[in-house]
Amino acid sequence: GDILDDYLRTDGVWILTRNKQSYKTNNEKECAEKCETETNFSCRAFLFTRKKLQCLTLAENTKMSLMFASTDAVLYEKRIYLLECKRGIGKDYRGTEAKTWRGIPCQKWAEKIPHKPNYTPQKHPNAGLEENYCRNPDGDENGPWCYTTDPATRYDYCNIPECEDQTTHTGEVECMQCNGEDYHGEVSRTESGLQCQRWDAQEPHMHGFTLKHYPEKDLKMNYCRNPDGELRPWCFTTSLTKRWEYCKIPRCTTHPPVSDPGSQCLSGKGEDYRGRIAITESGNACQHWNTQFPHKHGWNPDRYPCKGLEENYCRNPDGEKRPWCYTINRSVRWEYCTIPPCDGREQEIAGMNNVPIQVPLTEECYRGKGQSYRGTTSITASGKKCQAWNSMFPHRHEKTPDKFPDADLRDNYCRNPDGDNSPWCFTTDPNTLWEYCSLKRCDDHTQE
């Protein structure tokens with residue numbers, strides 16, 4: 001497998017840590033190799049910057065250090081150091097539990113008081129004997145343990161939960177097809193071992209993913225699901241410091257059932273459109289989905305295997321109003337495509353049937369702070385595409401239609417639900433949370 005498979009990747013973040021080493025590398029894989037061979041400390045993570053090609057190996061990860069935004073950086077954390085559950089007897093457990101099952105704090109492995117240890121970091125450098133974390137350096141069948149700070153108890157075992165093995169009650173291994181949008185399994189822990197929050201609960205994290213608003217998404221119990229077209233199933237966690245996380249569900253080795261070849265015309269939003277139109281409504285040629293030039297993007301066919309992202313054909317992988325594509329025009333990032341409607345009638349007639357094909361533009365200016373704006377602009381001032389209000393991808397947020405029922409948070413139209421200076425939206429650029437929209441203030445003389 002790929003060396004990076006052992007790491008959890010987070011784009012656009014930086015963490016503060018004193019214990020680090022700097023290297024010059026050409027790519028993330030070379031930086032991962034530096035982390036694997038680091039001798040100055042136990043390398044838990046590394047940072048890589050694309051512009052400077054700088055590689056920083058780190059002794060700490062996000063569980064131990066502060067994290068903040070940094071556009072050009074990519075953080076890779078070793079999965080084993082994020083796991084708070086044990087596999088088997090937990091010989092490779094590297095979590096941060098530091099008390100026994102009775103609640104007694106552990107003694108540091110490097111200290112000799114109150115107990116003189118047989119297992120020390122010097123004698124067992126590869127056993128992860130750091131701080132006073134529970135470990136299993138001797139392969140004890142009862143799992144991770146530690147020397148205790150109670151003089152009367154030399155050592156005791158720790159209460160580390162078992163990692164979910166992803167098998168159903170019938171004994172079958174759970175797996176997912178495509179990006180797991182149709183996954184209905186019972187895995188309820190994240191890839192780092194955190195317990196999932198129930199979908200019908202709003203604590204510790206408030207959210208808009210309720211059964212009422214997503215009745216067809218099977219949001220049962222606290223099972224991992226993919227209601228919003230993410231890369232794979234995820235859940236909100238019961239940890240106060242981690243809002244959400246992906247779940248580790250393997251891809252099925254069998255191919256998904258062969259569906260129909262897809263529609264060659266536009267029905268609904270065109271999510272099943274598989275025709276070969278590759279030009280936008282203004283005449284720009286489409287960029288190939290598997291290239292990053294002239295526009296960088298995240299819709300890679302390998303990551304989204306069932307979205308029909310072939311060649312440079314117009315598609316609708318994200319539930320937009322209709323099929324679109326990135327263009328080969330440097331100054332136009334993306335545009336909608338004109339796809340003939342399936343009933344063969346004019347688009348205006350189709351519009352009468354509530355098919356959102358070509359919504360006529362209402363007045364594209366705003367008054368005051370724009371809280372009454374109800375137009376259909378969905379582009380920011382810098383030309384970025386708006387994220388749909390009911391979507392949590394690429395940005396999770398609290399500005400959902402159910403929380404602001406009077407703000408008309410439809411599709412991905414620019415709005416001002418919170419009394420900001422003018423209409424705005426979250427963007428589909430993972431590195432830009434939100435921006436004001438490309439809208440002008442109405443001329444005072446414009447007729448109401």
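Are cysteine 286 and cysteine 325 buried or exposed? Both are buried: cysteine 286 is, and so is cysteine 325. Keep that pair in mind. One caution before we go on: this is a predicted model.

Let's start with the sheet. Five strands form an open sheet, in the order β1-β5-β3-β4-β2. The pairing is antiparallel. At the edges sit β1, residues 7-15, and β2, residues 20-24. Each of these edge strands pairs on one side only. On average, neighbouring strands here are turned by 25° against each other, direction ignored.

Zoom in on one pairing. Strand β3 covers residues 45-49, and strand β5 covers residues 67-78. Five bridges connect them, in the antiparallel sense. Which residue is the bridge partner of phenylalanine 46 in β5? It is tyrosine 76.

Helix α1, residues 28-36, lies across β1, β2, β3, β4 and β5. Its direction is about 150° to β3.

On to the disulfides. A disulfide is a covalent bond between the sulfur atoms of two cysteines. The model has 12 disulfides. I'll show three of them.

Back to our opening pair. The sulfur atoms of cysteine 286 and cysteine 325 are 2.0 Å apart. The link is left-handed, with -75° about the S-S bond.

Next, cysteine 314 and cysteine 337. Their disulfide has an S to S distance of 2.1 Å. The torsion about the S-S bond is about -85°, so this disulfide is left-handed. Cysteine 314 lies in the loop between β9 and β10, cysteine 337 in the loop between β11 and α2, 23 residues apart. Cysteine 314 is buried, at 0% relative accessible area. Cysteine 337 is buried too, at 1%.

Third, cysteine 386 and cysteine 425, with sulfur atoms 2.1 Å apart. Cysteine 386 is in the loop between β12 and β13, while cysteine 425 is in strand β13, so parts 39 residues apart in sequence are tied together. Cysteine 386 counts as buried at 2% relative accessibility, and cysteine 425 at 0%.

Last stop: lysine 384, in the loop between β12 and β13. Why does lysine 384 count as buried? Its relative accessible area is 19%, and buried means under 20%. Its side chain makes a polar contact with the side chain of serine 382, at 3.4 Å. Further along the sequence, its contacts include Asp429 and Glu435.

Note on methods: Residues numbered from 1 in each chain as written. Predicted model: local features only at pLDDT ≥ 70, side-chain atom pairs only at ≥ 80, totals over all residues. Heavy atoms only, no water. Pairing = 2+ DSSP bridges. Helix = DSSP H or I, 4+ residues; strand = E, 2+ residues; numbered from the N terminus. Axes fitted to C-alpha atoms, helices over the stretch in contact; angles between N-to-C directions. Contact = heavy atoms within 4.5 Å. Buried < 20%, exposed > 50% of the residue type's maximum accessible area, 1.4 Å probe, protein only. Polar contact = N/O pair within 3.5 Å; in protein donor to acceptor, adjacent residues only side chain to side chain. Disulfide = S-S within 2.5 Å. Lists of a residue's contacts leave out its neighbours within four places in sequence.
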